[in-house]
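Please look over the sequence and the model below before reading on.

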Amino acid sequence: MQSLFDYSAETEDVVVRVAVSFLPEQSRSDDARWFWAYHVRIENHGDMAVKLLTRHWLITDGRGGQHHVDGEGVVGEQPYLQPGETHDYVSGCPLNTPTGRMEGIFRLMRDDDSIVNATIPRFPLVAPAIAR
């Protein structure tokens with residue numbers, strides 16, 4: 001059975017998985033606007049609970065322009081994951097080019113106050129060619 005998630009990274013027993021989808025209905029090539037949705041799953045494979053504190057995204061467009069996004073939690077939440085638990089969320093990314101990529105770091109704190117800087121795997125943002 002094929003996984004929904006195409007990209008994954010593991011850092012100290014925290015696994016981050018990502019699936020990405022191009023959204024043609026929200027994209028306007030005539031206005032140089034392309035839009036993707038991405039689904040992220042955070043998995044706690046460790047033996048201690050973790051709390052997601054912050055996120056850092058590096059978004060790179062097709063021309064090499066970079067945009068950094070930092071903030072608390074994800075989509076307004078700071079999930080607390082017991083061992084074996086997962087947290088899923090969906091968000092979106094607009095670009096002014098039909099290609100690009102995203103990658104980043106989730107900063108999580110374990111119950112013993114140690115920090116895990118979990119890698120968000122790099123994933124491509126690619127609009128399919130549309131025949132005119």
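## Strand E3 and its partners

E2 and E3 run antiparallel and are joined by nine bridges, where strands (E) are DSSP runs of at least two residues, numbered from the N terminus, and two strands count as paired if DSSP finds at least two bridges between them. Within this pairing, Ser21 stands opposite Ala37 in E3. This is a predicted model, in which local features need pLDDT of at least 70 and side-chain atom pairs count only at pLDDT 80 or more, while totals for chains, interfaces and linings use all residues. Residues are numbered from 1 along each chain as its sequence is written, and side-chain values use heavy atoms, with hydrogens and water left out.

E3 also pairs with strand E7 (residues 86-95), again in the antiparallel sense, through 10 bridges. Most of E3 is covered, since 10 of its 11 residues are buried; buried here means under 20% relative accessible area, exposed means over 50%, and partly exposed lies in between, with a 1.4 Å probe and protein chains only. As a general point, side chains in a regular strand alternate between the two faces of the sheet.

## Two residues of E3

His39 has its place in strand E3, and its bridge partner in E7 is Val90. The side chains of His39 and Asp88 are joined by a polar contact of 2.6 Å, a term for a pair of N or O atoms within 3.5 Å, where within protein one must be able to donate a hydrogen and the other to accept it, and residues adjacent in sequence count only if both atoms are side-chain atoms. Leaving aside residues up to four places away in sequence, His39 touches several others, including Leu4, Phe5, Arg17 and Tyr89, a contact being heavy atoms within 4.5 Å.

Asn44 belongs to strand E3, which covers residues 34-44. Is Asn44 buried or exposed? Asn44 counts as buried because its relative accessible area is 3%. The side chain of Asn44 reaches the backbone nitrogen of Gly46 at 2.9 Å. Not counting residues up to four places away in sequence, Asn44 touches Asp13, Ala49, Val50, Leu81, Gln82, Pro83, Gly84 and Glu85.

## Two hairpins

Strand E1 (residues 7-11) and strand E2 (residues 14-22) run antiparallel and are joined by five bridges, with Ala9 standing opposite Val16 in E2. The hairpin of E1 and E2 has two residues between the strands, and Glu12 takes a positive phi near 45° there.

Strand E4 (residues 50-61) pairs with strand E5 (residues 66-72) over seven bridges in the antiparallel sense, and Arg55 stands opposite Gly71 in E5. Four residues lie between E4 and E5 in their hairpin, and Gly64 in the turn has a positive phi of about 90°.

## The protein as a whole

The protein has nine strands and zero helices. Its C-alpha atoms fill a box of roughly 55 × 35 × 20 Å, taken along the principal axes. Of its 132 residues, 41% count as buried, and among contacts between residues at least 6 apart in sequence, 63% join residues at least 24 apart.

The protein has 12 positive and 19 negative side chains, and the centres of the two sets lie 9 Å apart. Lys and Arg count as positive and Asp and Glu as negative, whereas His and the chain ends are not counted; each charge is placed at NZ of Lys, CZ of Arg, CG of Asp or CD of Glu.
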